[in-house]
Amino acid sequence: FKEDLIVMKCECRAFLIQHHFECHTTKNEGFYYIQVKYDNLWLGFQQGSLVICDYCPSVFCNEVLRTEGVTLEDSNASPTNKQCNEENGRIGFVCSECPPGYSSVFGGYTCTQCNGPWFILFIPLHVLAGLALVALLFLFNLTIVQGTINGISLYANIMYLYYDDLQDYARKPFYKIISLLNFGSEFEICLYDGMNEFTKAMLLFSFPFYLLLIVVLIIIGAHKFNLKIFKVEFIAKRAVPVLATLMVLTYTNLIGLVIHALRYTNIYTHNTLTEEETTYRVWLYQPRLRYFEKEHLALGLLAVTVTVLYLIPLTVVTLFGDFLRRNCIRSLWFSHFLDVFHGAYRW
């Protein structure tokens with residue numbers, strides 16, 4: 001609040017009004033509280049400045065700022081915690097941090113204590129899981145050449161685009177099924193004490209490309225090296241269909257990871273003494289990181305690289321493959337690749 005010396009009363013600061021906040025005083029108890037007109041905003045008071053985040057995901061923040069408001073008596077710590085989603089155990093700046101002794105987990109936004117040497121097991125388990133998955137696709141011919149599997153993968157890809165909504169509105173069982181079909185990480189596992197959203201986001205990019213690398217190496221081995229395992233007839237015949245299947249299934253997963261890495265929100269600060277206002281962008285899922293600065297620069301560049309070198313070319317080939325085959329790329333492997341992609345849709 002700001003004191004108006006002309007009318008001798010406290011009025012809401014223009015900074016708060018500008019961002020859709022309302023200031024109220026109770027008639028009986030005589031204390032002031034602040035409410036916001038819309039959902040998903042966050043209000044804090046740090047180092048002598050009012051801080052507003054214009055979008056706080058519901059996995060971090062609840063609706064208390066809109067429904068009940070926060071009081072000035074709690075201005076330093078309690079309002080920020082009061083606004084936080086208790087189910088996920090978040091606290092701190094924009095309700096994005098875990099309490100001391102707790103860490104972020106794969107498969108959700110819950111904060112939990114790390115128990116057991118999961119980090120030691122993480123790499124070998126993922127290596128074995130990737131090999132087992134590729135082996136199953138080869139052995140049982142689970143590829144998009146089969147129309148049913150193609151339809152399931154298409155449905156899973158579409159629903160995976162609602163990743164955050166399925167998390168936000170507590171449809172976790174449904175989310176876990178969709179995540180499994182897209183090779184996402186759906187189990188809430190903490191790898192090490194102190195893991196944050198940035199580390200988790202970087203690690204999530206590894207598994208899809210690991211799966212694709214396995215099949216690419218099999219294809220190279222089948223055509224370039226005289227190894228006995230590649231002389232098995234079904235391996236050579238199914239290598240390209242399996243590769244195409246993994247590309248389809250990981251496509252939306254990677255899109256989701258890219259969107260996750262590139263989402264941002266705005267932070268507005270207002271110094272209550274100097275009246276100075278500043279605005280800056282932060283990464284939505286760890287607002288302590290400035291957008292495309294320092295640590296987030298690495299994540300942002302990785303997301304852009306994946307988009308430019310993989311997602312866009314794959315999209316172009318999928319949509320305009322026949323045109324490219326007739327006019328630009330006339331090699332046999334490219335024709336085979338397109339036949340795998342489009343075969344289930346041809347009569």
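Within helix α11, D322 and R325 are three residues apart, which means about one helical turn separates them. Helices here are DSSP runs of H or I with at least four residues, strands are runs of E with at least two, and both are numbered from the N terminus. The two side chains form a salt bridge, with their closest N and O atoms 2.8 Å apart. That term stands for a side-chain nitrogen of Lys or Arg within 4 Å of a carboxyl oxygen of Asp or Glu. D322 is partly exposed, at a relative accessible area of 29%; buried means under 20%, exposed means over 50%, and partly exposed lies in between, using a 1.4 Å probe and protein chains only.

Before we go on, a word about the model. It is a predicted one, where local features need pLDDT of at least 70 and side-chain atom pairs count only at pLDDT 80 or more, while totals for chains, interfaces and linings use all residues. Residues are numbered from 1 along each chain as its sequence is written, and side-chain values use heavy atoms, leaving out hydrogens and water.

**Salt bridges**

Side chains of opposite charge can pair when their charged atoms come close. How many salt bridges does the count come to? The count is five.

| Pair | N to O distance | Relative accessible area |
|---|---|---|
| D322 and R325 | 2.8 Å | D322: 29% |
| R13 and E275 | 3.2 Å | R13: 11%; E275: 35% |
| E197 and R90 | 2.8 Å | E197: 1%; R90: 3% |

R13 and E275 meet in a salt bridge. R13 sits in the loop between β2 (9-11) and α1, and E275 in the loop between β10 (264-271) and β11, so this pair ties together parts that are 262 residues apart in sequence. R13 is buried, whereas E275 is partly exposed.

E197 and R90 also form a salt bridge. E197 belongs to helix α8 and R90 to the loop between α3 (78-82) and β8, so the pair joins parts 107 residues apart in sequence. E197 is buried, and R90 is buried too. Salt bridges with shared partners link R90, E197 and K200 into one network.

**The nonpolar cores**

Now let us look inside. A nonpolar core is a set of buried Ala, Val, Leu, Ile, Met, Phe, Trp, Tyr and Cys residues joined through side-chain atoms within 4.5 Å. The largest has 58 residues, and W42, F60, V134, F205 and L246 have the most contacts inside it. Elements that each supply at least two residues of this core include β6 (49-53), α4 (118-139), α9 (206-224) and α10 (233-262). Helix α10 gives the largest share, 13 residues. A second, separate core has 14 residues, among them F15, L16, L43 and L50.

F15 is found in helix α1 (residues 14-18) and is buried at 2% relative accessibility. Its C-alpha atom is 9.2 Å from that of Y268, although F15 and Y268 are 253 residues apart along the chain.

**A hairpin**

Strand β5 (residues 42-46) pairs with β6 in the antiparallel sense over five bridges; two strands pair if DSSP finds at least two bridges between them. Which residue of β6 is the bridge partner of G44? The partner is V51. The two strands form a hairpin with two residues between them, and Q47 in the turn has a positive phi of about 50°.

**Aromatic pairs**

A search of the whole structure finds eight aromatic pairs. Rings of Phe, Tyr and Trp (its six-membered ring) pair if their centres lie within 6.5 Å; planes under 30 degrees apart count as stacked, over 60 as edge-to-face and the rest as tilted. The ring centres of Y109 and Y285 are 5.7 Å apart with planes at 10°, so the pair is stacked. Y109 and Y285 are 176 residues apart, each in a loop. Y109 is buried at 2% relative accessible area, and Y285 is buried at 1%. Ring pairs join F60, Y109, W283 and Y285 into a cluster.
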